[in-house]
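Here is a short note to read beside the model. Please keep the sequence and the 3D view open as you go.

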Amino acid sequence: MTIITTKKPFEEVLGALKNVNKIGLISCGSCAAMCQTGGTEGAKEMAEKLEKEGFEVVTTMVPEEVCDNRVMMKDLRKIDAELGEIDAILTLSCGLGVASITQVLQRKHPNIPVFIATNTEFMGMTERIGRFYQRCRGCGDCLLNETGGICPITTCAKSLMNGPCGGMVRGKCEVGNYEKDCGWVLIYNRLKELGRLDLFTKLREPVDWSESGHQREVVWR
Amino acid sequence: MKETETYSKLGEYIKKGEFVLTGELEPEKTCDLSHTIQEAREMAPYVVAANVTDSPLAIVTINSLAASHIIQRETGLECVWQLTVRDCNKIGLAGQIMGAQALGLHNVLSLTGDHTALGDCPESKPVFDLDSATLIKLVREMVDKGSINGHEIEHPPKLHVGGAANPNADPMEAEILKIGRKAEAGAEFIQTQVVYDIEMTVDFLREVNKYNVPIFLGIFPMKSYGIAKGFDQFVPGVDVPKDILARWKRVKTDVSDKKEQKEIYDQLNYEFFKPFITELKSKGLLAGVHCMAVHYTRIFPKLIEVIKA
């Protein structure tokens with residue numbers, strides 16, 4: 001599994017860096033490296049672009065996993081002196097990276113703002129580098145055992161629990177000019193293949209948002 | 001519907017098994033309903049009720065609940081209020097259903113609604129908290145049990161609820177099974193997408209017959225060649241047969257007098273739909289016909305002849 005990121009337009013990044021001169025770059029070595037938005041290469045490219053714009057890149061770091069607080073505690077300790085010099089951190093990671101760095105910095109450097117140079121797209125399946133697909137939205141109440149392993153929340157443009165809807169034409173979805181497959185037709189075909197159309201006939205209750213409609217956490221120790 | 005209770009004229013027709021003709025009204029992006037009210041008056045002598053659309057194609061129009069109420073109040077024509085699950089969550093939908101009762105509406109058609117991405121506010125959030133089947137279930141809970149999620153409604157609504165189906169759907173089996181879900185949810189009638197192919201329609205109707213839900217077949221008499229061509233091109237999944245398009249085109253090219261053109265178009269519609277509907281009626285597969293030809297009210301005197309034939 002990879003958190004898929006894409007690059008923000010550089011102009012937008014520059015907009016966030018107003019009144020900033022000295023920058024610390026933190027570029028994620030796992031998912032963002034795979035998406036070619038972070039990693040060593042991403043950091044190098046961003047440092048060059050920033051320097052061309054007149055910024056001073058004081059330090060560059062490529063931690064193994066920016067989203068892991070433990071990794072960041074260890075790695076940020078190594079650049080503590082440089083942190084005292086910088087005006088801001090720019091991260092090349094998913095949104096979790098920003099949260100993780102902010103939380104770890106809070107103890108010693110609460111005044112350093114943390115900016116982001118990417119957009120977090122989705123939790124993705126990798127076909128090959130450069131081809132990433134959303135197949136699961138992490139809704140917290142997995143239906144896959146009943147839908148032939150195909151998620152309606154993700155593959156149906158309306159996240160319907162009882163599809164297909166009238167927007168399906170010859171197996172394609174009305175969203176995107178009938179180019180993408182209708183999720184519910186995929187589910188129908190798969191369940192038919194498995195000899196389990198009994199599951200397709202089931203009237204399903206709406207998604208229960210009482211737990212998943214707000215910020216979630218898993219804490220077991 | 002509880003065995004003995006009916007809440008509307010449409011409900012009475014369904015209960016008695018009388019053949020139904022319904023029309024369709026499409027309020028537009030205006031707060032002035034006078035044009036729609038005029039059309040309602042024109043079709044009122046011929047139809048049992050008329051649907052009032054809810055921002056079709058996700059293009060914003062006046063709210064369908066407000067429009068249904070005003071049309072019904074001004075003309076006496078009973079409305080089938082169309083309600084999509086696109087724009088409101090369960091709280092909003094349930095509140096509107098109670099509002100409908102307070103405003104004197106007693107028929108609702110549960111629809112998914114075209115995706116927000118297709119319309120004129122593509123940036124707006126698509127809701128789809130319920131779907132068209134679970135909205136039917138919600139209405140039936142509110143009406144039959146007088147509750148929402150088990151919480152009592154002091155004065156519950158009294159509405160008949162229907163759903164939609166598409167006889168043109170491919171794969172058809174997925175559509176049939178979906179209609180089964182709507183029947184299980186408590187649909188009291190089903191209105192279909194427009195059809196032109198009689199053989200396909202017969203196959204479809206025979207399949208859905210097992211669910212014991214009255215079916216109102218969607219038809220679209222074409223007012224002109226331009227309308228027929230546009231319908232063929234722009235309504236996804238519904239093809240107007242080529243021979244029909246050719247016949248309509250000949251009227252446009254061969255007849256110069258506008259009045260004469262209109263008469264010929266009306267006659268062609270009559271000649272096409274009469275055997276079509278008569279055959280389906282004779283097979284006992286239909287409970288009614290739903291005419292979706294908006295802005296073509298002059299066809300209703302001919303359509304009622306077809307229905308009564």
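What covers the buried residues of H8(A)?

1. Ground rules. This is a predicted model; local features need pLDDT of at least 70, side-chain atom pairs count only at pLDDT 80 or more, and totals for chains, interfaces and linings use all residues. Residues are numbered from 1 along each chain as its sequence is written, while chains are lettered from A and ligands numbered from 1 in the order in which they are written.

2. The cover of H8(A). The cover includes helix H7 (152-155), strand S8 (168-169) and helix H9 (197-200) of chain A, together with helix H6 (172-185) of chain B. Helices (H or I, at least four residues) and strands (E, at least two) are DSSP runs, numbered from the N terminus.

3. The helix itself. H8 of chain A runs over residues 183-193. Its buried residues are Gly183(A), Trp184(A), Val185(A), Leu186(A), Ile187(A), Tyr188(A) and Leu191(A). A residue is buried if 20 or more other C-beta atoms, placed from the backbone, lie within 10 Å of its own. Just after H8(A), Gly195(A) takes a positive phi of about 70°.

4. The contact between chains. Chain A gives 26 residues and chain B gives 28 residues. Two residues are in contact if their C-beta atoms, placed from the backbone, lie within 7 Å. On the side of chain A that touches chain B, the elements giving two or more residues are S8, H8 and H9 of chain A. H8(A) has the largest share, three residues. By class, that side of chain A has 16 nonpolar, six polar and four charged residues. Ala, Val, Leu, Ile, Met, Phe, Trp, Tyr, Cys and Pro count as nonpolar, Asp, Glu, Lys and Arg as charged, and the others, Gly among them, as polar.

5. Chain A overall. Its secondary structure comes to 10 helices and nine strands. The C-alpha trace of chain A spans about 65 × 45 × 25 Å along its principal axes. Buried residues make up 36% of chain A.

6. Domains. An automatic or database domain assignment gives chain A domain 1 (2-123) and domain 2 (139-207). Their C-alpha centres lie 39 Å apart.

7. Confidence. The model scores ipTM 0.95 and pTM 0.95. Chain B averages a pLDDT (the predictor's confidence in each residue, from 0 to 100) of 96.

Conventions: A residue is buried if 20 or more other C-beta atoms lie within 10 Å of its own, exposed if 12 or fewer, and partly exposed in between; C-beta atoms are placed from the backbone.
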